[in-house]
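This briefing is for a reader meeting the structure below for the first time. It begins with the chain as a whole and then turns to particular residues.

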Amino acid sequence: MGAREQLPSDRDGTGRLAIARSLARTAPQWPPHVGVGGRSVHSTRTDVPDRTARGVLDRVARWLGPPGDPAARGRAEAFPYREVVERYRHHGRTYADPALVEALREVHARLPAPRTLPERLLADWLPSTFDQDDGDYDSYVNMPVLERLADEYPGSDADTVHDAELVALLSDLLIVEGEALAADPGAQPQRIRTHATLQALARAAELAPLAAGAVGVALDSRGGRRIGRDDTALAGWARLRGQGVLDRVPAPVRRTVESAMLPTTPLHDEIMFIRSVQIFEIVYRQMFRCLERAVAALMDGDPVAAAGELDDAGRRVAATPVLFRVLTTMSRPAFAHIRAHTDGRSAVQSRAYRQVERLSAVRPPAATDDRTAPVVITGPTLQEAFDARLADLGPDAMRPVAEAMLRLDRGWRAMKRTHWGITRKIIGSVPGTGGTAGADYLKGTAEIPLFPGLRDAARERAAG
């Protein structure tokens with residue numbers, strides 16, 4: 001029996017393909033235009049090789065080989081990622097070909113225990129191709145894959161990989177926005193978003209300070225040329241700038257970022273939304289690593305090193321307004337479409353965000369849902385480590401740490417206030433996807449400090 005016949009096929013009307021077909025979803029009538037509020041350029045393309053489902057299925061089948069013959073399976077790094085991603089980006093994950101979805105589920109089920117990095121990346125990536133009914137926030141934005149690549153590197157190298165990923169994500173988004181503007185010059189919402197994305201990439205050195213060395217290109221050009229209102233020139237410059245940076249990103253990072261885009265719809269806005277969420281997740285992950293090192297430095301009696309780590313975290317979060325400016329270009333109707341396809345996947349499930357807050361200070365459990373994995377912090381929080389060293393070293397030695405903590409606290413709460421404002425603008429007062437009260441929930445959490453004990457001590461000193 002040939003490899004092609006081992007996957008669901010049209011001749012087996014009673015098998016899994018029939019079940020998959022019964023679950024197939026009918027796509028709505030998407031907006032006719034391209035760009036903000038409409039479809040992605042990618043979903044309208046007709047020049048992509050192997051666009052048909054059968055072509056992609058054949059490639060997957062050839063890679064997998066027949067059951068019982070592991071030697072016939074292709075190398076993990078040779079898996080046809082690009083063809084699958086092309087197909088998913090064309091239709092949206094929710095409306096992907098049922099036979100392809102079932103084939104990818106079978107590939108995952110037949111994978112042996114991964115031993116190499118490419119095998120681990122494939123094992124982490126595949127669940128996002130068939131998780132539409134039971135996935136979570138992480139699988140929606142493919143964070144396991146982005147985290148896996150960085151975690152394979154020791155110590156500071158992992159930080160460099162994450163920063164390179166952030167720059168690659170921004171560069172890829174800029175190319176996408178430039179392509180959309182080129183397809184529909186004169187569309188003001190798309191012009192505004194392209195400008196905002198260009199400015200975000202110009203601030204990448206603040207969001208990802210380690211990336212310049214890894215990418216080998218200046219990241220602080222402040223947007224490059226003065227384009228004015230010439231949309232054709234702006235679109236060309238955006239694509240040129242984005243591709244110029246992306247080409248300098250290390251190939252493993254570039255390939256991983258390319259594979260980590262599996263939108264649930266063919267909407268242009270969802271591309272921006274997923275990339276933005278991925279970027280924020282990397283910012284949170286890097287902040288958490290800074291906090292871990294700051295705690296370790298305090299436990300070693302080194303307040304200077306601890307203050308340096310906290311300032312690194314503070315600079316990263318202070319640069320996030322440029323990302324929010326990109327997010328604010330999404331309209332309420334566009335986000336409503338995305339929310340309808342991502343029920344049960346909420347930012348309250350973000351592990352890295354919760355790690356930042358849990359490592360900062362002891363606090364009551366935050367609102368979660370049944371898809372949210374608990375975050376467990378072993379050892380002291382930063383607040384506890386600070387209090388212990390304050391008693392040992394005295395206030396003069398610990399003043400730089402206290403000031404860095406306050407700066408980080410201000411930046412974190414400012415970011416949460418901005419998030420609340422954008423959420424109120426885009427979704428209004430409707431409930432959040434994670435079972436929270438939506439914007440009202442964010443408003444209630446925006447003023448909760450990272451380090452309540454530090455503020456209590458400051459108030460006591462002022463009162464005394």
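What percentage of the 464 residues of the chain count as buried? In this predicted model, the share that counts as buried is 55%. The secondary structure consists of 23 helices and 0 strands.

**Chain as a whole**
- Among contacts with a separation of 6 or more, 75% join residues 24 or more positions apart.
- The chain has an accessible surface of about 20,000 Å², and carbon and sulfur atoms account for 53% of that surface.

**Nonpolar core**
- The largest nonpolar core holds 119 residues, and Phe79 and Trp125 touch the most other members.
- Helix α15 (residues 268-299) supplies the largest share of this core, with 18 residues.
- Apart from neighbours within four places in sequence, phenylalanine 79 is in contact with Val60, Trp63, Val84, Leu104, Val107, Leu122, Trp125 and Leu126.

**Arginine 363**
- Arginine 363 sits in the loop that runs between α19 (351-360) and α20 (382-393).
- Arginine 363 is buried but has no salt bridge.
- A polar atom of the arginine 363 side chain lies 3.4 Å from the backbone oxygen of proline 449.
- Beyond neighbours within four places in sequence, the contacts of arginine 363 are Glu357, Arg358, Ile448, Pro449 and Leu450.

Terms used:
Residues are numbered from 1 along each chain as its sequence is written. This is a predicted model: local features need pLDDT of at least 70, side-chain atom pairs count only at pLDDT 80 or more; totals for chains, interfaces and linings use all residues. Side-chain values use heavy atoms; hydrogens and water are left out. Helices (H or I, at least four residues) and strands (E, at least two) are DSSP runs, numbered from the N terminus. Buried means under 20% relative accessible area, exposed over 50%, partly exposed in between (1.4 Å probe, protein chains only). Contact means heavy atoms within 4.5 Å. Accessible areas come from the Shrake-Rupley method with a 1.4 Å probe; for residues, only the protein chains shown count as cover. Lys and Arg count as positive and Asp and Glu as negative; His and the chain ends are not counted. A salt bridge is a side-chain nitrogen of Lys or Arg within 4 Å of a carboxyl oxygen of Asp or Glu. A polar contact is a pair of N or O atoms within 3.5 Å; within protein, one must be able to donate a hydrogen and the other to accept it, and residues adjacent in sequence count only if both atoms are side-chain atoms. A nonpolar core is a set of buried Ala, Val, Leu, Ile, Met, Phe, Trp, Tyr and Cys residues joined through side-chain atoms within 4.5 Å.
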